[in-house]
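My entries follow in the order I made them.

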Amino acid sequence: MKTVLTSVLSTAASLLMASSALAATEISWWHAMTGANNEVVDQLAKEFNESQSDYKVVPVFKGTYPETLNAGIAAFRAKQPPAIIQVFDAGSGVMMGAEGAIVPVADVLEKGGFKFDKAQYLPGIVAYYSKPDGTMLSFPYNSSSPILYYNKDVFEKAGLNADTPPKTWDEVFDAAKTIKSSGAANCGFTSTWLTWIQTENFAAWNNLSYGSNENGLGSTDVKLAFNAEPFVKHFQSIADLAKDGTFRYGGRTSEAKQLFTSGECGILTESSGGLGDIIKSGMKYGIGQLPYVEGEGRPQNTIPGGASLWVFGGKSDAEYKGVATFFNFLSQTKIQSRLHQVSGYMPVTMAAYEETKKSGFYDKNPGRETPLLQMMGKPPTENSKGVRLVNLPQVRDIMNEEFESMLAGKQDAKAALDKSVERGNAAIQQAIGK
Amino acid sequence: MQSTVFPNKILPYFLVAPQIVLTVVFFFWPASQALYQSAMREDPFGLQSTFVGLANFTTILSDANYLHALRVTVVFSVATALLSMGIALLLATAADLVVRGKGFYRTMMIIPYAVAPAVAGMLWLFMFNPAMGTFAYILRRNGIAWDPLLNGDQAMALVVVAAAWKQISYNFLFFVAGLQAIPKSLLEAASIDGARGSRRFWTIVFPLLAPTTFFLLVVNTVYAFFDTFGIIHSVTGGGPAKATETLVYKVYNDGFVNLNLGSSAAQSVILMVIVIALTAFQFRFVERRVHYA
C-alpha cells in the first residue's frame, strides 16, 4: 500500500515539474462570444499562441455579456480574477467605478514595452473607453453599431423594393405592415436589444437626450430623460405593432436574431456584430443604416456598442507583459481588417479601416461600411457621445421589465417609460451612494 | 429512548467530528457571512463597505417587488408540488399493474431524475421557445398565441412543467415503494367485498400512502423553493417582467446581476428564517398527525 502511494505521489510530482518547466505563462481570457464570433476568438488565441512561445492565451466562454461581467466580479472578490475579461458597453461604467480592481490598458501596454499611441485608434471608440482625462482604460476588441438587416426574399414576396431598405422608422413600420398583411412572413419586424438599440442609440441617432450630464459621461449623477415625447411615440408604435404580431419580441439581448435568420420576421435591427451568424444562415439579406425619426439635422451619429477587454489588477509582471503582447498582436492591421471583414465588428485602428477601404472590400460588399459611417459621419453632440452609468446593466433590466409588460399589453408606452425613468433614477441614486 | 454508553471518552467526539466540521464549513460559516453582509452596504468589487444596520431589511420588506416575489414563489411551489406528485402517483399506480417488464418500465421512469436542473430547463426551452421551438410552432399553428417571453402566465406554466417533470421520477420511486408496502390481503379483501378500482384506491391505497405522500410534499416544497434556480435561470431568467422571479431567483438577481450584495444577503437571511420555520413546523406539528401504517 505504502509503495503504491509513494509511486503515485512521485509520478504526480514529476508530472507537475515537467509541465511547469514546459509551460508558457498562461493568460486567461474570459469572453461572451457565441456562434461565429466564438470561432473568431478561438482562432485568434490559436494564432497568437502559435506565433510565439512565451505566453499562452486561454479563452474561456463565460455566458452572456452580463453573465461574463458578473463572473469576473465574483472572481475578483474571490481573489481569482482572469487576466483579461471582455466587458460589454453597458458594463464600462461598472468597471470604471472600480479603480482599485483594474489596470488601465494604456499602463499595461507600457509595462509590456509598447508605446500606446492614441492616434492609431478610431477616435469615437477611444473616447468611449477612456477616462475624462483621456487615459484609455480598456482595449476595444469588438466595437459595433446597430444597423438594419432585411430579408430580400421576403421583401420581394411582399412587393417591396428589395434594393432600397427603409430609411426612417415610419418607413420601417409601414414595410413591416406590408410584410405581415401580404403574408410574405409571419412577422414584419423584430429587434434585438430594445435597450441599446431602441433607447440608447435611438437617443444618439436622433440627437435626443438620454440623461443629464452628457448621458453620464460628465458625471455619475444622472437624471434619466428617455421618457420624453419622441421616445413615447416610438415605443407606442412598437407596442401597437406587437398587438397583431407585426412586431415580435425575441428577448432582452440578441435572441431576436433567430427570428430573422429563421425567416419568421422580415426586418431586424441588430448589432453589426450579428452579421457572422446571418451570413452563416445562408439567407439573402440586405443591410441598411439604422432607421431614424424624420427631422432637422437627423440622423446624428450612433454610439459604439459591443465590448472591450479589461485587465484585472494584482497579476504578475510576466502576465502583464503577455497581455500587452497579445493586445499588440490584436492591433495589427492584418488582424483588425480580417476581424472586421469576417465578423461585422468595426476595426479599432485607423490603419485597418484605411486598408479595408483600399482593398475594395466595401465596393464588393455594399453596406459593410455602414456601421463605421454611422458612428463617424458627424462630430458627436452631448447627446451622442455615449451612455455611461455606474449601473447601466441594472437600469437596462428595469427597462426590459417595463418593456415586456408594455408588449404584453399591460401598460402603454408612456407608463412604461415613466416607470423606467423613475425606477432607474432611484437605482442610480442608490448605486452612487446617496 | 435507549442511550448507549461508550467506554472510551474521546472516541464519540472523534466520530461526530466529521459531521460537525461539515456543518461548520458548509452552514455556519456561510450563514454568518450572510448575516454580516446583510448589515453592510458594499460596492460590487468589495473595495469599500459601510455598516448600515437593519437598513437592508427595512428596504426589502417595504419593497413591492419583494412581496411580489413571495407570491410568485408560493404559486410556483404549490403548482410544481401538486403537478409532479399527481402525475407520479398516477404513473406509480399504473406501473404497479404492469405484469411484464416491470423493472424496465421503472428504470425508464427514473431516468429524468439524473438530468441536471439547467439541462432540464434547456430541454423544455428548446421545445417551447417561441423563436425556434417545435411545440411552440405547433401551438401557434393551432391558433394559440404562445409567447412565454411576454405572457407571464405562460412563462410560469412552462417553468412549473419543467420543474415538475424533473421531480416526477423521484416521487415515482417513493410512490412505487409505498405501494409495494401495502398488504395485498387488504386489497383482495376489498375486492371480494365488491369494491372497484377507484374505490379501493381512495379508501385503502391513498390513506395507507399518506406517510409517503406527506414526506414527498415536504421534499417537493423544499425542492420547488430552493432547487429550481437552474430551471428558472435557463428558461425564463425570472421574466417576463418578474413574472417568474421567485425569492431564490431574486437573491441571485439582486446580488449577482444588480450587484447589490447587502440587499441580496439580507434576502438570504430571510430565506434562512423561512426554512428554519418550515422545518420546525414539519417536525413539531404536521408529522405527528400522519398515520403511519
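**Entry 1: H7 and H10 of chain B.** I looked up the hand of this crossing. H7(B) and H10(B) cross in the right-handed sense. The model is predicted, and I read it as such. I then took the geometry. Helix H7 spans residues 152–180 of chain B, and helix H10 of chain B spans residues 210–226. Their axes come within 11 Å and cross at roughly 160°. Angles over 145 degrees count as roughly antiparallel, so H7(B) is roughly antiparallel to H10(B).

Next I listed the residues that meet. From H7(B) I noted B:Ala163, B:Gln167, B:Asn171, B:Phe174, B:Phe175 and B:Gly178. Facing them in H10(B) are B:Thr212, B:Leu216, B:Asn220, B:Tyr223 and B:Ala224. By class, I have six nonpolar and five polar residues in this contact, and no charged ones.

**Entry 2: H3 and H7 of chain B.** I stayed with H7(B) and turned to helix H3 of chain B, residues 64–97. The axes of H3(B) and H7(B) come within 6 Å and cross at roughly 40°. The two helices are therefore oblique to each other. What is the hand of the crossing of H3(B) and H7(B)? I found it right-handed. The contact of H3(B) with H7(B) divides into 19 nonpolar residues, five polar and one charged.

**Entry 3: the annotated stretch of chain B.** Over residues 70–282 I read 77% helix and 0% strand. The C-alpha atoms at the ends of this stretch are 20 Å apart.

**Entry 4: a sheet in chain A.** I traced an open sheet of five strands in chain A. The order is S8-S7-S9-S6-S10, and the pairing is mixed. Which strands stand at the edges? They are S8 (247–249) and S10 (285–288) of chain A. Each has a single partner strand, so one side of each is left without a neighbour in the sheet. On average, neighbouring strands of this sheet are turned by 25° against each other, direction ignored.

I followed one pair inside the sheet. Strand S6 of chain A covers residues 146–151, and strand S9 of chain A covers residues 265–271. They pair in the antiparallel sense over five bridges. A:Pro146 has A:Ser271 in S9(A) as its bridge partner.

**Entry 5: backbone details in chain A.** I looked for a cis peptide bond. One joins A:Arg298 and A:Pro299, with omega about -5°. I placed A:Pro299 in the loop between S10 and strand S11 (305–312) of chain A. I also noted A:Asn215, where phi is near 55°. That is a positive value in a residue other than glycine. A:Asn215 sits in helix H10 of chain A, residues 212–215.

**Entry 6: chain A against chain B.** How many residues does the contact take from each chain? I have 25 residues from chain A and 18 residues from chain B. On the side of chain A that touches chain B, three helices of chain A each supply at least two residues: H3 (65–77), H12 (257–261) and H19 (392–407). H19(A) gives the most to this side, with seven residues. By class, I recorded twelve nonpolar, eight polar and five charged residues on the side of chain A that touches chain B.

Definitions and conventions:
Residues numbered from 1 in each chain as written. Chains lettered and ligands numbered in written order. Predicted model: local features only at pLDDT ≥ 70, side-chain atom pairs only at ≥ 80, totals over all residues. Axes fitted to C-alpha atoms, helices over the stretch in contact; angles between N-to-C directions. Helix = DSSP H or I, 4+ residues; strand = E, 2+ residues; numbered from the N terminus. Parallel < 35°, antiparallel > 145°, perpendicular 65-115°, else oblique. Left-handed = near helix turned anticlockwise from the far one by under 90°. Contact = placed C-beta atoms within 7 Å. Nonpolar A, V, L, I, M, F, W, Y, C, P; charged D, E, K, R; others polar. Pairing = 2+ DSSP bridges.
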